[in-house]
Amino acid sequence: MRKTKRCKGSKWMVVVDGKGIPQVGTITSASPAEVKLLHPLFDVMYTNTKIHRLVYDKAAESDPLRDSLLSRGIDLICPHRRNRKKASRQDGRKLRRYTRPWKVERTFVWLGNYRRLVVR
C-alpha cells in the first residue's frame, strides 16, 4: 500500500506592507486552517511593527476573528461570504483596499526565488 500525501506540506503566513515588503512571517504545517494561524503570526511580530488594517480574503471572514483582531487594534478588511446570514459589519468603502492583492502575490513569487525558502 502506498503512502498518501495527506497532512504533508507547509503554509507560509506572511504579513506585507502596502508596498509588498514582508514585515513578519511564519512557516507552519499545512493541516490547520489559515484563520487559526493568524494569531500565532501576530505573536511573532516585532514590537516596533504596528498593524492597523489587515486585508485578507474571504477565508478569514468570521465575526469572532473580527472581534479578536479588533481587541488587538487591527481592523479586518475582507469581503463577506455570499451565504452570510447576519448583517454586514463593514461598508463598501473599506473594501477599496482589497483591490490590490497582486502586491501580496508578488511578494510570494519574490520569496520563492530563493531556493532555501521554497516550500516543498
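Biologist: How many helices and how many strands are there in the protein?

Modeller: This is a predicted model. The protein contains 3 helices and 4 strands. Along the sequence, these elements follow the pattern β-β-α-β-α-β-α.

Biologist: Which members of the largest nonpolar core touch the most other members?

Modeller: A nonpolar core is a set of buried residues joined through side-chain atoms. The largest one here has 17 residues, and those touching the most other members are Leu 38, Phe 42, Leu 54, Leu 69 and Leu 76. Two or more residues each are given to this core by strand E1 (10–16), helix H1 (34–44) and helix H2 (63–71). H1 supplies the largest share, with 4 residues.

Biologist: Which residues does Leu 69 touch, not counting those up to four places away in sequence?

Modeller: With those sequence neighbours not counted, Leu 69 touches His 39, Phe 42, Leu 54, Ile 74 and Leu 76.

Biologist: At roughly what angle do the axes of H1 and H2 cross?

Modeller: The axes of H1 and H2 cross at roughly 10° and come within 11 Å. H1 and H2 are therefore roughly parallel to each other. On the H1 side, the contact is made by Val 35, Leu 38, His 39 and Phe 42, and on the H2 side by Leu 65, Ser 68 and Leu 69. Sorted by class, this contact of H1 with H2 has 5 nonpolar residues, 2 polar residues and no charged residues.

Biologist: Which residues of helix H3 are buried?

Modeller: In H3, which spans residues 102–112, Lys 103, Thr 107 and Leu 111 are buried. They lie on the same side of H3, because they cover an arc of only 80° around the axis. On the other side of H3, Glu 105 and Val 109 are exposed. The buried residues of H3 are covered by elements including E1 and strand E2 (22–29).

Biologist: Why does Thr 107 count as buried?

Modeller: Thr 107, which lies in helix H3, counts as buried because its relative accessible area is 4%, and the cut-off is under 20%. Not counting residues up to four places away in sequence, Thr 107 touches Val 16, Gly 20 and Pro 22. Thr 107 and Ile 21 are 86 residues apart in sequence, yet 7.0 Å apart in space from C-alpha to C-alpha.

Biologist: Where is the place of Thr 49, in a loop or in a strand?

Modeller: Thr 49 is found in the loop between H1 and strand E3 (53–55). With a relative accessible area of 16%, Thr 49 is buried. Thr 49 and Gln 23 are 26 residues apart in sequence, and their C-alpha atoms are 7.6 Å apart in space.

Biologist: With which residues is Thr 26 in contact, leaving aside its neighbours within four places in sequence?

Modeller: Thr 26 has its place in strand E2. Apart from those neighbours, Thr 26 is in contact with Lys 11, Trp 12, Met 13, Leu 41 and Val 44. Thr 26 is also buried, with a relative accessible area of 17%.

Biologist: What share of the contacts with a separation of 6 or more comes from residues 24 or more positions apart?

Modeller: Residues 24 or more positions apart account for 32% of those contacts in the protein.

Note on methods: Residues numbered from 1 in each chain as written. Predicted model: local features only at pLDDT ≥ 70, side-chain atom pairs only at ≥ 80, totals over all residues. Heavy atoms only, no water. Core = buried A, V, L, I, M, F, W, Y, C linked by side-chain atoms within 4.5 Å. Buried < 20%, exposed > 50% of the residue type's maximum accessible area, 1.4 Å probe, protein only. Contact = heavy atoms within 4.5 Å. Arc of directions from axis to C-beta. Axes fitted to C-alpha atoms, helices over the stretch in contact; angles between N-to-C directions. Parallel < 35°, antiparallel > 145°, perpendicular 65-115°, else oblique. Nonpolar A, V, L, I, M, F, W, Y, C, P; charged D, E, K, R; others polar.
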